Amino acid sequence: MTKKLASIILGVSLLIPTAFGAWNAPVQALAAKDEIKTEGGSSHWAGTVLNEWKNKGYIKGDADGNLHPDNQVTRSELAALINRSFQVKETQTVNFKDITGQEWFYSDLSRAVANGYMKGYTDGTFKPNAKVTRQELAVILTSLLKLAPSDAANRFKDTSNSPAWSKGAIGAVLDQGLMKGNGSTFNPLNFATRAEVVTVLDRALTQFSGYSVTYDKEGVYGPSEGTKTIQGSVRVTTAGVTLKNLVIEGNLLLAEGIGEGDVTLDHVTVKGTTSIEGGGKNSIHVLDSVLITVIVNKKDGSIRIVAEGNSVVSQVTLRSGAILEESGLTGAGFENLILSEQMPAGSQVSLAGTFETVDVVATQLKIDLTSGSIGELTVGETATGSEINVQASALISSLILNANTIVSGQGQIGHAEINASGSTLAQRPNSISLNNNSSAIIAGQPNSTNSGSGNSGSGSGSGGGSTTTPVTNHLVVTNGKAVLKFIGTTPSLTREDLLVTASVAGATYELKSLAYNPINQELSFDPIPMEDYYGKQLTIQVSPSSGVTAFNGILSGSVRIEGFAGTIVDVDDNAVEGMTIQFRRGLGNTSGAVVATVVTDSSGRYSINLPAGIYTGEMNKAGFITGQLVGVSASSIFNRNENATAIKVPKTGELRIVLTWGEKPRDEDSHLVGPTPGGTTFHTWYADREHYFNGELYADLDHDDVTSYGPETTTIRKRIDGVYTFYVHNYSRNGADGTETLRNSGAKVEIYDASGTPLKTYHIPAGSGDELYWYVFDMTIAGGQITFADKNTLTNNEPSGHQPEVDEEYQTLLDEAAKLPSVTEVTYDTALNTLIPLTDANNPLMEGTNLKIVGIYPISVTDDVYLASTNELDGILFTEYNDSDEEVEYYVEIELSRGGFSVVREVYITISTLKTLLYNAIEAARPLAVTNQALSNQIEATESLLNNGGSTEDKKAALRALLNLMI
């Protein structure tokens, strides 16, 4: 955001409505008339949505029950409407020159300001009764929904030259479909009506809440035959609902209101995230359905989810206990399961079915595999104290223990890899690897790396601190590589000694760029394109060429073609080439074994072939801070957009504050309060991202992330001695069920200088609590030295930062700037080619205060020139009357300087139409015309001219005549 745009938004930001009407006092909530009509008596185009909002209590009628849909909306009414519809609760004390605190709308203004979607003007006023233009409404919506600016305004002839402060916002609301134009025009200066505002806010509310359809009554929804597609997201808020034959392009929420009841998904495909917060021990039924990502968070953990028929559930994340079962399954069923760190200690999980992977991240869980199998179960390094019961009919093919775990039951374990001491296994796996000098109690006997008892069955150990039991010569195949594994002596082979054949899904496939490395016994080839063959089985067979006796038989291996891809960009959305990403298995795994490595291409793209599961990627490149990304390899869906933002190491002298967090809350906001050279404080956050002083950038929120994880970065470009306060706000407000709290987010803050190594790292305190602010630290800079005062506390009160003593000369300059009017206008007695003053003659600037006009910018789109700068420094030259049908607006950017300091302010100039000036002159002349016949005659002639039309020159002459006779 440019300095100009940032400063103007501060002054102009309006905000979002609730109550409608031109009245300035509160009105009793009366039932508005069901039939909403236009002034002409026909049904109003916005009648349906107005009635819906009336029924919800978002808008109110007048004493007669009328909603007045075509009345124009004021700033105070807009704030009230937003607060009701968006349920804005947080308040703060506000002080404006034109607000006493006793007005009916004071509470709404305090909420609007506290939540950052509305501000006052630079002259200290709020202007509660000012009407809201369409371009101002666009700016408000963009601020409220945190939309990215867009150049889409160029599509309309009357916004292609709109000022910077509104043009990007107009483009943003156009891109989102929140506001629309009329043919080739947007009409940015038209005042918004109540009907328009309600319609726009209703669209915004749908986007804000994320749900376009809500099912709140028991019943079956969806066609009996065929398929219906829902473009948005869907919410189910009651039990007894069946969704049938639906494709949901967005997300699906099975809300807490379902209670202990049932919901059935019958032939439903959800392309977004399915969140399950309600449902009982009977079940959520998933029948012949496809769910890509599922998050389960039932507060008491008493929920059962059953996959039936041809269902595929690619990835499930449990944040609470649950029962997952497969019944009568013909599809893939549950594939990958994560037991997340947000699960409370002691949570119980029951599994019955065939799971490809299970990743345990939470601590002290009780996991019961009652039947079926798990391909690979991994207990993370921090997931201590869990208990896994493998019942007699169950199997874990591969068990990886990175933390102490109790494994009980009579079920089978194929291979156990034990990487940490302290575990107990009731049964003896078919093979065991004990690594990192670990030890365990297995089948009642102590086992350790050096005890020699970790081996099960026959065969020799492999040494190197690990014992294993190989079976036979074989291939270990990945997409792009096949390693020859031999029992006993490894033969010396060349590429010519090997006959290599491959097939994909049973069809012969010719491997490209096939090569052999005899040192590693490794065949390499171009990976099979995931776009074309995703989910197919790649099988490779290697046999000796004719005459080769070094080995015999056929070595065979296979792998499913799975993985994911994405793009790495920097904070300016530029592609990052040459970024090395090392992937480790599991969520949040930053120190385990690296399973794959990839490097981004010139477009910042990467593509990695990995088995189904969750992976944590570590991003490294010279000049960038080491970062992480989460990638999901799903069995049935190719995830192409596992993207991430890379953060550059700050330049010498800069400091960069990096905020990261988990999937929830969706939006956490960084706030930095710090000192300025003038002794005041600045505050960077999403609504005021850049801090300039004397025309130089001192600090900015250079990357604002609103889609989970982060990173969000704040950079101090120029250091000033003093205290800097950094805190985090939960903009998402704890979610619908109150669980998406800061404490549950796993948030982390790191501070970097040019060395690229963190100066300080803070982890958010966990536990219970729904506080909205994390007060992270105070940082003091003094003479090049940096010290930190650790706060690391959660609070519901927004930290205010430290208030230094303001420099006397700078305070004087601020007082001088307050003398400038925020708005001025051309009046009927303003003569052509005279100066429109930018200062108040009754309160002139002090000697030593310099004023410089930086630029004049038309807000209205016009080919005519009405204003011009001159050599005079305290005014703008009025060059031409406005004889169009609409008033014209300019803003003038002014720089004031004094004592080595400078500030920039804006003055808005309104040029009314020539017709309006004539009417104003007539009204001013009438009292004088009682005793002045000539003036009375001129008033009559001027009115006749206006009624009958006349040339611009005739109107100018009439105005001059009136003014001359009024002297």
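1. Two strands are taken to pair if DSSP finds at least two bridges between them. Strands (E, at least two residues) and helices (H or I, at least four) are DSSP runs, numbered from the N terminus. On that basis strand 16 and strand 18 (residues 405-408) pair in the parallel sense over four bridges, with S386 opposite T405 in strand 18.

2. The model is predicted, so local features need pLDDT of at least 70 and side-chain atom pairs count only at pLDDT 80 or more, while totals for chains, interfaces and linings use all residues. Residues are numbered from 1 along each chain as its sequence is written, and side-chain values use heavy atoms, with hydrogens and water left out.

3. Confidence. The mean pLDDT (the predictor's confidence in each residue, from 0 to 100) of the protein chain is 84, and 91% of its residues reach 70 or more. Two stretches stay under 50: residues 1-35 and residues 451-471. The model has 134 contacts (heavy atoms within 4.5 Å) beyond four places in sequence for residues 1-35, and 39 for residues 451-471. Where pLDDT is low, the predicted coordinates should not be read in detail.

4. Overall. The protein chain has twelve helices and 56 strands. Its C-alpha atoms fill a box of roughly 125 × 70 × 55 Å along the principal axes. Among contacts with a separation of 6 or more, 53% join residues 24 or more positions apart.

5. Strand 16 (residues 386-390). Strand 15 (residues 366-379) runs parallel to strand 16 and is joined to it by four bridges; I367 stands opposite I388.

6. Helix 3 (residues 75-85). Ten of its eleven residues are buried, so helix 3 is largely enclosed by the rest of the structure. The buried residues include R75, E77 and N83. Q87 follows the helix with a positive phi, near 55°.

7. Helix 3 against helix 4 (residues 106-114). Their axes come within 9 Å and cross at roughly 70° (axes are lines fitted to C-alpha atoms, for helices over the stretch in contact, and angles run from 0 to 180 degrees between N-to-C directions). Helix 3 is therefore roughly perpendicular to helix 4 (65 to 115 degrees; under 35 is roughly parallel, over 145 roughly antiparallel, the rest oblique). S76, A79, A80 and N83 of helix 3 make the contact with D108, L109, R111 and A112 of helix 4.

8. Helix 5 (residues 134-145) against helix 6 (residues 164-175). The two pack at about 70° with their axes 8 Å apart, and are therefore also roughly perpendicular to each other. The residues that meet include Q135 and V139 in helix 5 and W165 and I170 in helix 6.

9. Five strands lie in the order 41-40-45-48-49, with antiparallel pairing. Strand 41 (681-684) and strand 49 (785-795) are at the edges with a single partner strand each, so one side of each has no neighbour in the sheet. Neighbouring strands are turned by 15° against each other on average, direction ignored. Within the sheet, eight bridges join strand 45 (residues 722-730) to strand 48 (residues 773-782), and the bridge partner of G722 is I781 in strand 48.

Technical notes: Buried < 20%, exposed > 50% of the residue type's maximum accessible area, 1.4 Å probe, protein only.
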